[in-house]
Amino acid sequence: MNFQDLILTLQDYWADHGCVIQQPWDIEKGAGTGNAATFLRALGPEPWEVAYVEPCRRPDDGRYGENPNRLGSYFQFQVLLKPSPDNVLELYWDSLRAIGIDPLDHDLRLVEDDWEQPTLGAWGLGWEVWTDGMETTQFTYFQQVGGVELDPVPAEITYGLERIAMFMQGVDNVYDLQWSDSVTYGEIRHEEEVEFSRFHFEEADDDLHFQWFRQHESEAERLMDEGLVQPAYDYILKASHIFNILDARGAISVTERQKYIRRIRSLANGIADAYLEKRRDMGFPLMPDDEARDYIETLEAQEESS
Amino acid sequence: MIELIFEIGCEDLPARFVPPALDQLEAGFRSRCEDRRVEVDGIRTVGTPRRLTLLVESLAEKQEDLSERQLGPPAQVAFDDGEPTGAARGFASSKGVEVDELMVIEEDGEERAAADVFQQGASIHELLPEMLDSLIEDLEFPKSMRWGSGQERFGRAVRWIVAVADGQVVPVSFAGVESSGRTRGHRFAAPEPIAVETIEEYEEGLREAHVVVDPDERRDEIESLLHRMAAEVDGRIVDDPNLVDEVVHLVEEPHGTRLDFDDSYLELPDEVLETSMRSHQRYFAIEEAGTSPDEASLIAHCGVIYNTPVRDPEVVNDGNLRVLRARLDDARFFWENDRETPLEDRLERLDEVVWLEQVGSMAERARRMATTAGDLARVFEMGDGVETHARRAALLAKADLVTQMVDEFPDLQGVMGREYALSDGEPAPVARAIEEQYLPEGATDNLPVSAEGRCVALAEKLDALVGCFGVGLEPSSSSDPYGLRRAALGVIRIVDDLDWAGSVRDLLELTHDAYIDVQGDEGADHTGDPDAFEVSRQQLVDRLVDFIARRLRYLLIEDYPTDVVDAVLAADDEHLADVFLRVDALSGLKDEPDFEPLALGFKRVVNILEKEDIQAGGRAESVDPSAFEASEERALWEAYGSIRDEVETAVDARDWESACQALIRLKGPVDDFFDSVMVMADDPTLRQNRVAMLDALRELFWRVADISKIG
């Protein structure tokens, strides 16, 4: 199965299950969790099931296209199911069957791996999924996002597309993957890896990036004050990516690093509260009307009593 | 008696959660039975990552009846002229008896109303639902989570519950899951439900469904699989009990396959191979058989334990081998790349690595450690060769932190330093000392053995203690992020192992000096202390002596009586190696018949002196033997004189046992003295002379211990 068929098959599978198939969000981010379809939609009482491919940028992992397994940019297939269904693992195993990984042919295992994203004030418990010893998926029950306890709890399934494709195609070098039947992953992405590694490690201007960080940060704060939740969130993502570039360059000391993480987290926590407030004003539109009404009444009663 | 099967089926629990949860299950059920007067025998637990199971072979069908006399209000309140009052009626009804069944009895000299209460024991089927519901709710995990729309917390999501007593389903529910009489087999190999009525059916049924539910059985199977895999290639599994413990709880039914990798990877140090296999993959390294485990080298094979009875094990083998090759390629890439830059050339990059923000970089730490390690070698009189090598090793000790290998596998710090030093052509003792710097890691961990290694390991720890305490980063009761307690313990153990007679204060002071030497005048303020430090050298050293003494106390009270330890530390807590010897000698003395009276006598000495201090009555400058009146005080003074000489000689020779033996001979003269001499005489000259003698006695005892703290 080539790389694009893998994506198409997973999309079909999760669309059949009833997921909304969304698209990547057009701002650089380190993981599919950063897409508002996960980060914001995970919050609050509204049910939500979504799947999408997300390009992820990890400047620190760039290797000039020379390492067969490490990439400064790659793709995740992201699924979020809220609330997590009782048969969520069965759904996941069936998705593997759909792409041709038969659990009686391979050793599939769930190995403890708790997930935490300190810049987003988010954490959860779950596993990395091993397929014959190779880590191919991250599976997490989100407990908190943006510093907010989640209720109901969503399950996040993050497929490492390149890993899975390498496993299925039996190749040892990511650049040898067949993207389509006629074009390889390397032909499409190799030069990008080389150039971005050079940019991140050699050419990026630290002063400029520090300046951008401050600007994005204050713009995010200003927009939040204006009640523009989604534009503000974009600027948080931008600030976060700038931080990742500076971090990859070693421009931030260990102690400074903690301070930057705190600054981004405090923005993320702010936006989570603002988003929840906004959804409430809108009457939690993804919930059935009567449930939304009951829910808001309960919230009001709680607020009055406290 | 009936059987009970209670299984909590979950999504895969982390391996480390399972054994403690099983312990709680057993203890929790046992205590519930006791509380409810339910006789029980043959409780055991079994489990896998997907199930926590309580098996009870013999449970009473009925709670024991309760028959006891219970006390009520005082008789005068309960009865008015023999007629029951409201208080009596209330008491009777609360105990379920008629008012005319109440009686009056005498209890602790008081007349009280009382009732003979009889409670029929309930059927076990009535009791079990509540017992098992609360048993689940009370389970605790190192981390717990919520899932779906529920509010309940558990180690992972609970998906089924089996609760069967005497073949009948016990209604239990948790997080919306209702109990049934059907368990589940292996997730992929036997997904159909399995009906369960007896323990035998449960264990057999699961066995057929590819689940070895007993962890001990799984361990045996894993060990024999590993043994077989290793034997086939004339090898032996590298002993790693922690890894076995973990893997036991990573599978429901163990299967094994051996990976045979290319010989060329064996050029990597064994520790690198082992860590690559273990830390990411939970593979078992295999070493050559026929040599002792200390000397055996790895061979190009490893063992994999997996969970599913797959159609073709070769497929699993191929997949795992590819993963292993990628891991080893990474490791080889680091190994080759790292060796292109000598450790010495890495010091520059080490300058960019912050150790403590207030104090400076890791490179500065290494330079200070070099000064300190060399000074230590001199203090310990280890010779010029050791001094030179210790300095060199300490200077290079931290350079492996900026290698790619240690960045990837932090556990390999020190080991990689050793390997890279050898590859740079550094002398063998330098390489060895670099590795030994982190020893000992705990209270029972190995100590550094080479002279250079001891100096570097001490310097590493002393430098951290002085630096952190200098800028106020002292550990709190709950948190010790810089590992200072462990560092202090390391200092204590190494000094004891060296059997060095000096004071730890001297070691701390020379470490403090290195801070100034390395930073130069610019780094020091006008008092000569490092700029960054918040406290003076004197305060800093005092605090650290105290901190180390507290760790020493914790270490010693594990093996010796607390009062003996406190008595020794009260007299001197700085000469660490001698503290061990003194505690040992004094503990031996404690059982001798004369010891307790001597301790009592000494306590009187101390009390008198303390009172005297408070009253500031003063004492003579020195003892004047001609001023003695009583023969007992003269006798004590003479005994003191000869015993003092013996004690001094023994102390000089660090022969603490003889010192103790000499001191105990003071028992007689001290007893006689207190029997017949009044210290607090009215005549000030007489009194002050006696007090001065007691003071001299106290000083003498304090050479060994403050034995007033014993008993």
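In this predicted model, Asp166(B) is found in the loop between strand S9 (158-165) and strand S10 (168-169) of chain B, where helices (H or I, at least four residues) and strands (E, at least two) are DSSP runs numbered from the N terminus. The phi angle of Asp166(B) is near 55°, which is a positive value in a residue other than glycine. Most residues other than glycine have a negative phi, and most peptide bonds are trans.

Residues are numbered from 1 along each chain as its sequence is written, while chains are lettered from A and ligands numbered from 1 in the order in which they are written. Local features need pLDDT of at least 70 and side-chain atom pairs count only at pLDDT 80 or more, whereas totals for chains, interfaces and linings use all residues; side-chain values use heavy atoms, with hydrogens and water left out.

Chain B is divided into domain 1 (2-62 + 123-208), domain 2 (67-119), domain 3 (215-338), domain 4 (345-556) and domain 5 (572-709), with bounds that come from an automatic or database domain assignment. Between the C-alpha centres of domain 2 of chain B and domain 5 of chain B there are 65 Å.

One open sheet of chain B has 3 strands in the order S4-S8-S7, with antiparallel pairing; two strands pair if DSSP finds at least two bridges between them. Strand S4 (66-74) and strand S7 (103-107) of chain B each have a single partner strand, so one side of each of these edge strands is left without a neighbour in the sheet. From one strand to the next, the twist averages 45°. S4(B) and strand S8 (residues 110-119) of chain B pair in the antiparallel sense over 7 bridges, and Leu66(B) stands opposite Gln119(B) in S8(B). Helix H3 (residues 86-95) of chain B lies across S4 and S8 of chain B, running at about 160° to S4(B); axes are lines fitted to C-alpha atoms, for helices over the stretch in contact, and angles run from 0 to 180 degrees between N-to-C directions, with contact meaning heavy atoms within 4.5 Å.

Another open sheet of chain B has 4 strands, ordered S15-S17-S18-S16 with antiparallel pairing. Strand S15 (235-237) and strand S16 (255-260) of chain B stand at its edges, each with a single partner strand, so one side of each has no neighbour in the sheet. Neighbouring strands of this sheet are turned by 35° against each other on average, direction ignored. S16(B) runs antiparallel to strand S18 (residues 298-306) of chain B, the two being joined by 6 bridges, and Leu259(B) stands opposite Cys302(B) in S18(B). Helix H9 (residues 313-338) of chain B packs on the sheet, touching S16 and S18 of chain B, and its direction makes about 50° with that of S16(B).

The second largest pocket holds about 1700 Å³ of space. Of its 45 lining residues, the closest to its centre are Asp411(B), Gln413(B), Tyr438(B), Leu439(B) and Glu441(B). On a 1 Å grid over the protein atoms alone, a pocket is an open set of points where a 1.4 Å probe fits, with protein on both sides within 12 Å along at least five of seven lines, and lining residues have an atom within 4 Å of a point; grid points are joined across faces, edges and corners, and a volume is the space filled by probe spheres set on the points. H8(B) gives the largest share of this lining, 6 residues, and at least three lining residues come from each of domain 3 (215-338) and domain 4 (345-556) of chain B.
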